[in-house]
Amino acid sequence: MIPVADGHTHSNPVRGLGAAKIAERFREAGGWFMALVALSPWHYGMEFRGFDSYAETIDLLLRECKEVEERGIRVACLAGFHPADVDRLIDKYGMKPMSVLDLGLRVVEHEAKLCREGTLDGIGEVGRQHYKTFPTRALISQLILERAMELARDYGCIVHMHLEQEGETTLGLIDLWASRIGMPGEAKKLLVFHHSKPSLAVRAHKLGYSATVPGTPALMTRVLGNVDPVFILESDHIDDPNRPGAVVYPWVMAETLQKLVEKGRISREYAYKINVDNVVSLYRVPPP
Ligand SMILES: [Zn+2]
Ligand SMILES: [Zn+2]
């Protein structure tokens, strides 16, 4: 079997399967590495209590990461401040926009500190809403993202960026800010365009950035073998049966990959590049 990596996924031990079960099934399908990204506090059924709730989600994430590790899967742990949180905190929790900005900045600063100490591997998700929202809220999300990028530059944290899907514009806006803050060429690699279209992933790679591409069977069948293997696949499985959204289980992604290799649709080298080489190079982990 080809060792398979999931470059961006979630686990929800409160509402879904939780990391232990996910890791077991993923491992059976060839999984060796997983970047586990925290969900927002309310997704875990937590009552919202400001900053403390984010700290609590990080504790939960770290416990989930341990479950993954104990099942023989190498794990990278990331926690962020999702752009959708900005809207949620204003609409559902009645927070004032400026307070949301303060909270978001405080949360990413805290995460960067944990990242510098080696407790977290990176910040994610941060970024911009992929749907229409108020201009001020889009700007608040952008300011939090910009701070996260600065912290990535200073501390070497990986950042999973959740962005709108506007190809050149999306890439151009990130690249502009990266140049403004003097992001060194080598550090650009730490910035990951999550949920990226394959074409954007290739362009992002040319400028020195990283990207993860959704590992749905349809997309994998269409794209793998035809596009330069310069990205990592992601399931982005939210592990919550009550939340709609494109769900691909990490093990389904892994099984799809094994089948494509077995059928000779992609070479072993191509599969290794995506699932091992790119992961080893971004997360600085030893190969499986
Ligand atoms: Zn996302
Ligand atoms: Zn995600």
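The model is predicted.

## The zinc pair

Start with the zinc ion (ligand 1). Its protein donors are Glu125 (OE), His162 (ND1) and His194 (NE2). They lie 2.1 to 2.2 Å from the metal. Along the chain, these donor residues are spaced E-x36-H-x31-H. His162 sits in strand S5 (residues 158-162), and His194 sits in the loop between strand S6 (191-193) and helix H8 (198-206). The two histidines are 32 residues apart in sequence, so this pair ties together separate parts of the chain.

Now take the zinc ion (ligand 2). Its protein donors are His8 (NE2), His10 (NE2), Glu125 (OE) and Asp236 (OD). Their distances from the metal run from 2.1 to 2.3 Å. The spacing here is H-x1-H-x114-E-x110-D. Glu125 belongs to strand S4 (residues 122-127). Asp236 belongs to the loop between strand S8 (232-234) and helix H10 (250-262). These two residues are 111 apart, and the pair links distant parts of the chain.

Which residue coordinates both zinc ions? Glu125 does. It bridges the zinc ion (ligand 1) and the zinc ion (ligand 2), which lie 3.6 Å apart.

Why is the arrangement around the zinc ion (ligand 2) irregular? The four donor atoms subtend angles of 88 to 174 degrees. Four donors count as tetrahedral only if all angles lie between 85 and 135 degrees.

| Residue | Relative accessible area | State |
|---|---|---|
| Glu125 | 6% | buried |
| His162 | 12% | buried |
| His194 | 4% | buried |
| Asp236 | 19% | buried |

Asp236, at 19%, is under the 20% cut-off, so Asp236 counts as buried.

## The nonpolar core

In soluble globular proteins, nonpolar side chains tend to be buried together. Here, the largest nonpolar core has 104 residues. Which of them touch the most other members? They are Phe81, Phe193, Leu224, Phe231 and Tyr283. Helix H4 (residues 97-116) supplies the largest share of this core, with eight residues.

Leaving out residues up to four places away in sequence, Phe231 touches Ala201, Ala211, Val213, Leu224, Tyr270, Ile274 and Asn278. One of these, Leu224, is also among the core residues that touch the most other members.

Methods: Residues numbered from 1 in each chain as written. Chains lettered and ligands numbered in written order. Predicted model: local features only at pLDDT ≥ 70, side-chain atom pairs only at ≥ 80, totals over all residues. Heavy atoms only, no water. Core = buried A, V, L, I, M, F, W, Y, C linked by side-chain atoms within 4.5 Å. Buried < 20%, exposed > 50% of the residue type's maximum accessible area, 1.4 Å probe, protein only. Helix = DSSP H or I, 4+ residues; strand = E, 2+ residues; numbered from the N terminus. Contact = heavy atoms within 4.5 Å. Donors = N, O, S within 2.8 Å, 3.2 Å for Na, K, Ca; no water. Tetrahedral: all angles 85-135°; square planar, octahedral: opposite > 155°, others 65-115°.
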